[in-house]
Amino acid sequence: MEKIALITGIRGQDGAYLAKNLLEKGYHVVGTTRPNSEAPQYRLKELGVLDSIEFASFDLRDDFEQIYSVIEKVKPDEIYNLAAQSFVGASFEQPILTSEVDAIGVTKLLEVIRKLEPSIKFYQASTSEMFGNAKFVPQTEDTPFNPRSPYGVAKVYGYWITQNYREYHDIFACSGILYNHESPLRGMEFVTRKITSTVAKIGLDKAENLTLGNLDAKRDWGFAGDYVEGMWRILQTEKPDDFILSTGQANSVRYFVENAFNVIGKTIVWEGEGIGEKGYCSETGKILVNVSSKFYRPSETNQLVGDSTKAKQTLGWEPRMKLTELIKLMVDYDLKQFKNS
Ligand code: NAP
Ligand code: G4F
């Protein structure tokens with residue numbers, strides 16, 4: 001019989017890629033959106049899956065009863081909890097909302113499973129941000145958490161409550177601890193898409209330059225399309241468990257910028273330091289990159305690099321797309337998108 005998957009936050013980047021992946025595997029996919037959210041459906045449209053999805057509606061801040069009644073009607077076999085206030089930067093401004101959604105929201109879903117149907121499998125979207133100022137590099141599933149943002153703190157709660165429901169209520173509840181994964185459908189507020197969209201506009205003479213925060217911040221960046229396959233595999237193992245999904249390689253924002261400009265045939269030459277640093281076009285001498293304190297965070301995480309050996313050995317999962325390929329994919333998509341706008 002056709003399996004039913006419920007994806008919370010289906011209109012987000014991962015929701016769209018996961019929906020496509022599960023539809024291709026023969027699932028009936030139901031996705032939640034927030035009742036009053038005007039968020040566009042463009043990601044689902046772009047991946048050609050909008051018409052194949054059934055929609056349901058709740059906000060993770062809604063009452064437990066409301067969420068329960070929606071899930072009772074959907075009757076899912078698997079729930080993928082991707083809904084979150086997912087922007088680390090915004091969590092410093094909205095710590096209460098972030099905790100309500102990213103922490104307490106997880107408990108509501110687990111409680112629905114416990115009370116309604118304990119055989120429903122549950123995937124929690126955990127994150128490398130839980131390691132924060134990581135005590136060890138690279139991180140494994142055994143590395144202690146040390147979060148450095150309200151987002152990271154809320155996600156640590158989500159991780160522990162998921163593990164507790166697994167141990168005490170015998171629910172198939174798992175966390176994927178995912179490192180940054182990007183795509184042409186990444187939100188514009190995240191640094192990779194901010195870079196590729198602005199570089200594309202500069203290439204089309206629709207923008208003058210790009211302004212960023214910390215150029216030396218490093219991230220372990222992979223492709224979202226590869227990571228959603230890992231989410232599904234996590235729920236198909238014999239024993240519920242937690243898994244890191246990552247590439248194992250960290251690169252700086254500066255490296256990402258240089259490679260994005262290379263796609264439009266420009267080379268960056270850096271001069272200056274800190275917020276006085278600028279990136280110049282090697283050919284024309286024009287300023288293409290500025291640094292502003294506005295985009296710095298109150299606190300930064302240090303070397304977030306994941307060791308995904310356990311996922312490789314147990315799930316047979318490995319990331320496939322290389323970072324330079326991903327950067328080209330994103331810049332090319334943005335060039336096409338902004339050409340006629
Ligand atoms: P995203 O693009 O920001 O999507 C998040 C989704 O959450 C949106 O579709 C939004 O729904 C929904 N949402 C926000 N607040 C909500 C609320 N109060 N109630 C119900 N839904 C709400 O995020 P993403 O990049 O796809 O990430 C998916 C999940 O993985 C998130 O939990 C994120 O924290 C986690 N994660 C992401 C990464 C990454 O690198 N992408 C890495 C590790 C973990 P609307 O459509 O209604 O606006
Ligand atoms: O792209 P970011 O905003 O992603 P961040 O903070 O790593 O969070 C993303 O990945 C997490 C996985 O570890 C997810 F859990 C989370 O939901 C989200 O998807 O920032 C990346 C880095 C940061 O160090 C930031 O300080 O880029 C640096 N940065 C430098 N200039 C900037 C900018 N970030 C943004 N957003 N905008 C800038 O102008």
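Within helix α8 (residues 224-234), Glu229 and Arg233 sit four residues apart, which puts about one helical turn between them. Helices here are DSSP runs of H or I with at least four residues, strands are runs of E with at least two, and both are numbered from the N terminus. The side chains of Glu229 and Arg233 meet in a salt bridge, with N to O at 2.8 Å. That term stands for a side-chain nitrogen of Lys or Arg within 4 Å of a carboxyl oxygen of Asp or Glu. Glu229 counts as buried at 17% relative accessibility, while Arg233 is partly exposed at 26%. Buried means under 20% relative accessible area, exposed means over 50%, and partly exposed is in between, using a 1.4 Å probe and protein chains only.

The model is a predicted one, so to speak of a local feature takes a pLDDT of at least 70 and side-chain atom pairs count only at pLDDT 80 or more, whereas totals for chains, interfaces and linings use all residues. Residues are numbered from 1 along each chain as its sequence is written, chains are lettered from A and ligands numbered from 1 in the order in which they are written, and side-chain values use heavy atoms, with hydrogens and water left out.

In total, the structure holds 18 salt bridges. Another one links Asp332 to Lys328, their closest N and O atoms being 2.7 Å apart. Asp332 is partly exposed at 32% relative accessibility, and Lys328 is partly exposed at 44%. Elsewhere, shared partners tie Lys25, Glu229 and Arg233 into one salt-bridge network. Glu318 and Lys312 also pair up through their side chains, at 3.6 Å from N to O. Both are partly exposed: Glu318 has a relative accessible area of 47%, and Lys312 has 44%.

Next come the ligands. Ligand 1 has 26 residues around it, and Asp14, Arg34, Asp59, Ser86 and Tyr151 come nearest. To be counted, a residue needs a heavy atom within 4 Å of the molecule. By class, this shell has 11 nonpolar, nine polar and six charged residues. Ala, Val, Leu, Ile, Met, Phe, Trp, Tyr, Cys and Pro go down as nonpolar, Asp, Glu, Lys and Arg as charged, and the others, Gly among them, as polar. A backbone N or O atom of Leu60 lies 2.9 Å from a nitrogen atom of ligand 1. The side chain of Lys155 brings an N or O atom to 2.9 Å from an oxygen atom of ligand 1. Ligand 1 exposes 900 Å² when taken alone, and the protein buries 91% of that. These areas come from the Shrake-Rupley method with a 1.4 Å probe. Elements giving two or more residues to the shell are α1 (13-24), β5 (121-127) and α6 (150-169), and β5 gives the most, with three residues.

Ligand 2 is surrounded by 22 residues, of which Ser86, Thr127, Ser128, Tyr151 and Glu300 are the closest. The shell splits into nine nonpolar, six polar and seven charged residues. An oxygen atom of ligand 2 is 2.7 Å from a side-chain N or O atom of Tyr151. Arg297 places a polar side-chain atom 2.7 Å from an oxygen atom of ligand 2. A nitrogen atom of ligand 2 is 2.9 Å from a polar backbone atom of Glu189. On its own, ligand 2 exposes 710 Å², and the protein buries 95% of that.

Definitions and conventions. Polar contact = N/O pair within 3.5 Å; in protein donor to acceptor, adjacent residues only side chain to side chain.
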